[in-house]
Amino acid sequence: MNFLAHTFLSGDDDDIKIGNLMGDFIKGNLDNEQNSLINGGIKNGIILHRAIDSFTDMHPVVRKSIQRLQPQYHKCAGIIVDVFYDHLLAKNFHDYSPISLPVYSQSFYHLIQQRKNDMPVNIERLIHSMVTRDWFNGYATYQGIEWSLKGISQRLRFESGIENATEDLKRDYDLYLEEFQVFFPELISYCQDILAKQHNAKI
């Protein structure tokens, strides 16, 4: 899953939201010396991030979405599906949250600006871009998805063509939406179980 889904699945705990956002930027064992200064709540967010990625990668419905793209995009198909699913979440945010996407987005942007000092330096540019370009609301549009895919393609060390994948989303939109609507409630339930266990462990 991509940034919107990861943060949305974090529940109401700010530390877990921060950790989930950081998940792709923190490597290795969370108990090693390099990661020893990360507080427990943020570590729980990183653990949740990794659990989301594992659950998503193993899910048969997600694999159907990926397989549709593999003949053209090969190993980048999973990256594209992550972005597609964030689009589908943004577009249908009212189905999953009592808070509107614009209100949720501004609240999260405020949080990450307040908590920049709790995050690694290599995430600063991402935070600035996320806030100033309003990524979350942008995900709800084809233009926002295309911009996101272009950004990813520029960071890859090979020609991927993923910047053109918005056309694949348009062509098979109903199929991706149907798959997302099956998969995402299961992921929500999975994350709620993890969050409940983490909460109970703190009591």
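H74 lies in the loop between α4 (60-73) and α5 (77-91). Please note that the model on the screen is a predicted one. H74 has a positive phi of about 50°, although this residue is not a glycine. That deserves a remark, because most residues other than glycine have a negative phi. Is H74 buried or exposed? With a relative accessibility of 52%, H74 counts as exposed, since the cut-off for that class is over 50%.

A second residue belongs beside this one. D134 is not a glycine either, and its phi is also positive, near 50°. D134 sits in the loop between α7 and α8 (135-138). Its relative accessibility is 23%, so D134 counts as partly exposed.

S129 is part of helix α7, which covers residues 124-132. At 16% relative accessibility S129 is classed as buried, because the limit for buried is under 20%. Which side chain does the side chain of S129 meet in a polar contact? The partner is the side chain of W135, at 3.1 Å.

H6 is found in helix α1, residues 3-8. This histidine is buried, with a relative accessible area of 2%. Its side chain makes a polar contact with the side chain of D53, at 3.1 Å. When neighbours within four places in sequence are left aside, the residues in contact with H6 are M1, N20, H49, I52 and D53.

Next comes a pair of helices. Helix α2 (residues 14-22) packs against helix α6 (residues 101-114) at an angle of about 80°, and their axes are 11 Å apart. The two helices are therefore roughly perpendicular. On the α2 side the contact involves D14, K17, I18 and L21, which meet F108, L111 and I112 of α6. By class, this contact has five nonpolar, two charged and no polar residues.

Finally, the core. The largest nonpolar core has 66 residues, and M130, F136 and F184 touch the most other members. Which helix gives the most to this core? It is α11 (residues 173-202), with 11 residues. As for F136, its contacts beyond four places in sequence include F3, L4, T7, A90, L101, Y104 and M130.

Methods: Residues are numbered from 1 along each chain as its sequence is written. This is a predicted model: local features need pLDDT of at least 70, side-chain atom pairs count only at pLDDT 80 or more; totals for chains, interfaces and linings use all residues. Side-chain values use heavy atoms; hydrogens and water are left out. A nonpolar core is a set of buried Ala, Val, Leu, Ile, Met, Phe, Trp, Tyr and Cys residues joined through side-chain atoms within 4.5 Å. Buried means under 20% relative accessible area, exposed over 50%, partly exposed in between (1.4 Å probe, protein chains only). Helices (H or I, at least four residues) and strands (E, at least two) are DSSP runs, numbered from the N terminus. Contact means heavy atoms within 4.5 Å. A polar contact is a pair of N or O atoms within 3.5 Å; within protein, one must be able to donate a hydrogen and the other to accept it, and residues adjacent in sequence count only if both atoms are side-chain atoms. Axes are lines fitted to C-alpha atoms, for helices over the stretch in contact, and angles run from 0 to 180 degrees between N-to-C directions. Angles under 35 degrees count as roughly parallel, over 145 as roughly antiparallel, 65 to 115 as roughly perpendicular and the rest as oblique. Ala, Val, Leu, Ile, Met, Phe, Trp, Tyr, Cys and Pro count as nonpolar, Asp, Glu, Lys and Arg as charged, and the others, Gly among them, as polar.
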